[in-house]
Amino acid sequence: MHLHRDIVAGTLFILIGALALVVARGYPAGSAMHMGPGYFPMVLGWLLVVLGALVGLRAARAREWEAVGWAWKPLAWISASIVLFGALMPRLGLLPALIAMFPVAAAAGREFRVREVLLLTVAMSTLAAAVFVYGLKLPYRLLQF
């Protein structure tokens, strides 16, 4: 039996939404006028559950089913980039972690253009520093030795 990729996606949405609902139960939700810390995860969880159900049911009605192929290479590269960022951030700082992360994540794509990856790395690292360190004043060090 072949699964339709939208059924897999819908099931994944439902599972992530259910997980958000379980986590949100531990926090007071409040109301729309006075939101508590559990309000956003609860609303997001229900939205994911409903969206997942709609996507999955729509796919279940499809006449043609296709096999779901897993793209292991992109999954591995993206996972490696996240682990690399998490490992480097506390040791070297935000900028070196981002500079290491973006090329590894870009390797997940079909094409790897060095010039585009370098441009993206510089632009996104600059934006991240501007937004998180200078704009939001989060306690991230740009460089740490």
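This is a predicted model: local features need pLDDT of at least 70, side-chain atom pairs count only at pLDDT 80 or more; totals for chains, interfaces and linings use all residues.
## Helices H1 and H2

Two packed helices are described by the angle between their axes and the distance between the axes. Start with H1, residues 5–24, and H2, residues 39–60. They pack at an angle of about 160°. Their axes lie 7 Å apart. An angle over 145 degrees counts as roughly antiparallel, so H1 is roughly antiparallel to H2. The crossing of H1 past H2 is left-handed. The residues of this contact fall into 18 nonpolar, five polar and one charged.

H2 has 22 residues. At 1.5 Å a residue, they should span 32 Å, and the end C-alpha atoms are 32 Å apart, so the two values agree. Which residues of H2 are buried? They are Tyr39, Gly45, Leu48, Val49, Gly52, Gly56 and Ala59. The buried residues of H2 pack against H1.

## Gly10, a buried residue of H1

Gly10 sits in helix H1. Is Gly10 buried or exposed? Its relative accessibility is 1%, so Gly10 counts as buried.

What does Gly10 touch, leaving aside neighbours within four places in sequence? Its contacts are Gly52, Val55 and Gly56. Gly10 and Gly52 are 42 residues apart along the chain. Their C-alpha atoms are separated by 3.8 Å.

H4 covers residues 94–106. Its 13 residues should span 18 Å at 1.5 Å a residue, and its end C-alpha atoms are 18 Å apart, so expectation and model agree.

The buried residues of H4 are Leu94, Ala97, Leu98, Met101, Phe102, Val104 and Ala106. An α-helix has 3.6 residues a turn, so residues three or four places apart point the same way. What do the buried residues of H4 pack against? They meet helix H3 (72–92) and helix H5 (114–135).

## H3 against H4

H3 and H4 pack at an angle of about 170°. Their axes are 8 Å apart. The two helices are therefore roughly antiparallel to each other.

From H3, the contact is made by Trp77, Ile78, Ala80, Ser81, Leu84, Phe85, Leu88, Met89 and Leu92. From H4 come Leu94, Pro96, Ala97, Leu98, Ala100, Met101, Val104 and Ala105. By class, this contact has 16 nonpolar residues, one polar and no charged.

## H4 against H5

On to the other partner of H4. H4 and H5 pack at an angle of about 140°, with axes 9 Å apart. That angle makes H4 oblique to H5. H4 passes H5 in a right-handed crossing.

H4 brings Leu94, Leu95, Leu98, Ile99, Phe102, Pro103 and Ala106 to the contact. H5 answers with Val117, Leu120, Thr121, Met124, Ser125, Ala128, Ala129 and Val133. The classes are 13 nonpolar, two polar and no charged residues. Leu94 and Leu98 are named in the H3 contact and again in the H5 contact.

Thr121 is found in helix H5. At 6% relative accessibility, Thr121 counts as buried. Which residues does Thr121 touch, not counting those up to four places away in sequence? The list is Leu98, Ile99, Phe102 and Pro103. These four names also occur on the H4 side of the contact with H5.

Leu118 and Lys73 are 45 residues apart in sequence. In space, their C-alpha atoms are 21 Å apart.

## After H5

Where does Lys137 lie? Lys137 is in the segment after H5. Its relative accessibility is 65%, so Lys137 counts as exposed. The backbone at Lys137 has a phi near 60°. That is a positive value in a residue other than glycine.

Conventions:
Residues are numbered from 1 along each chain as its sequence is written. Side-chain values use heavy atoms; hydrogens and water are left out. Axes are lines fitted to C-alpha atoms, for helices over the stretch in contact, and angles run from 0 to 180 degrees between N-to-C directions. Angles under 35 degrees count as roughly parallel, over 145 as roughly antiparallel, 65 to 115 as roughly perpendicular and the rest as oblique. A crossing is left-handed if the near helix is turned anticlockwise from the far one by less than a right angle, and right-handed if clockwise. Ala, Val, Leu, Ile, Met, Phe, Trp, Tyr, Cys and Pro count as nonpolar, Asp, Glu, Lys and Arg as charged, and the others, Gly among them, as polar. The expected span of a helix is 1.5 Å times one less than its number of residues. Buried means under 20% relative accessible area, exposed over 50%, partly exposed in between (1.4 Å probe, protein chains only). Contact means heavy atoms within 4.5 Å.
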